Every structure is written in structure tokens, then in C-alpha cells.
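Hi,

Here is the structure I promised to pass on.

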Amino acid sequence: MGEKKFLGARLRTADFGSAGSRRLLRNGEIPGVVYGKDQPIHVIVNAREFAAKRSGFGESTLISLNVADEKSHDVFVKSYQEDLLKGVVQHIDFFEVTAGQAVRTNVRIELVGNPVGTRNGGVLEQLIHEVEVECLPSDLPETISGDISALDVNESFRVNQLNVPQGVKILVDGDETVASIKYVKEEAPAAAEDTAADAAATDAAATTETK
């Protein structure tokens, strides 16, 4: 399991609705909801703190959400709404996990090593970048690695070759291709031939019209 992250929050007990949310955003705060237990919990997060930390909050990052005057909650950032033009996060959905209860989430794949095939003129193509897993929160890794050092041209690296930590179950087909190495197709000469053929046809048509 990766290092647990921490994020501060406080309960949102009043001023609900869109107007209340706009007031929070103007004050540098973000409304959020914690799902996963009996009843959703409405919280407020400091926008500056979330902006500083969110690059490290992936789907598999366990966060200790420290709610003022309330207990801490172990959560994932399920999703957040963002105004891309203004670069402002407008709402956050958290998902709370329970110790001892398995969770399902996506974990990022990290390929390591310098493949043989790229040194032989091939190009590495990564087809999938994450896999769905099931495990206890305490066993959840931030990434799952795969050593592709021996991968050569026209070879594929599959899900069942990933270095899966103990206690983690992969929920996708083990034969699914994660990455492969192929030679680059040379399409430029064919394109040039097509251009030349089109030009010749145009000249021929022009000659016919002149006659």
C-alpha cells in the first residue's frame, strides 16, 4: 500500500443548494459529499489545500479525510467537477471505505525497463494504462508495475505478466494486452505515389479538354 494522504475538511450543516455552493466557491472553499456508509456526509474542503494535493489523489489513493469536530474518514476521491476555463474545482465526491472490507477500484499500470525492441528500431505502444482490482484497503497499491525490459519487436506484454502485490486480485482478463512493440509503418512513399498519380490524371484531363 502507498503512503496514506491527508486532507482537511469541515461539516456542511447549512446553506445547501446552488446559491450556497457559489458562496463557498467565492470564499475559496469546495462543497463535497462522502458516500459509502449509511447516509451521505456533506463536507467543505479548502480549495487551496485540495489544489496543492490533488495531483497525488488517484483512484487508488487512500485519503484520511480529517473532518473538524468529527471523526476521520478513509476515502477515495471518486470524482470531482471542474470549470476547465477557470481552473476551479466546483464539487468533490468521496467514497468511504471500511477496514476489513474489500474494495474495487482502478490502479495505474507503471511500465519499467528499457525494452529490447525499442533498441532494435521498434516503437512501444501502451494499450491500457490501468486495471481494475479488488483487495482490502490496507493492501491497495498506488501502482502495479510491469517489467518490459525483455520485450522485443512483434511481442506483447499481457496483464498476467504484471507484478501483482500479495492480497490484490486483478479483475480483467489475464490475456489482455498491456503493451506491444512494432515497427513503424512506412506510409509516406505510398502517399507520394498517390499524389503523383493524381497529378498525372489531372494533366491528362487538362490535355483532353484542350484538344
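Predicted model: local features only at pLDDT ≥ 70, side-chain atom pairs only at ≥ 80, totals over all residues.

Residues are numbered from 1 along each chain as its sequence is written, and side-chain values use heavy atoms, with hydrogens and water left out.

**The serine.** S60 sits in the loop between helix 2 (47–53) and strand 4 (63–68); helices (H or I, at least four residues) and strands (E, at least two) are DSSP runs, numbered from the N terminus. S60 is buried, at 6% relative accessible area (buried is under 20%, with a 1.4 Å probe and protein chains only). Its side chain reaches the backbone oxygen of E142 at 3.2 Å, and a polar atom of that side chain lies 3.4 Å from the backbone oxygen of P141. Leaving aside neighbours within four places in sequence, S60 is in contact (heavy atoms within 4.5 Å) with F76, T105, N106, V107, L140, P141 and E142.

Three strands make an open antiparallel sheet in the order 8-13-11. Strand 8 (123–126) and strand 11 (155–158) are the edges, each pairing on one side only; pairing takes at least two DSSP bridges between two strands. Strand 8 and strand 13 (residues 177–182) pair in the antiparallel sense over 4 bridges, and L124 has I181 in strand 13 as its bridge partner.

Cheers

Note on methods
Buried < 20%, exposed > 50% of the residue type's maximum accessible area, 1.4 Å probe, protein only. Polar contact = N/O pair within 3.5 Å; in protein donor to acceptor, adjacent residues only side chain to side chain.
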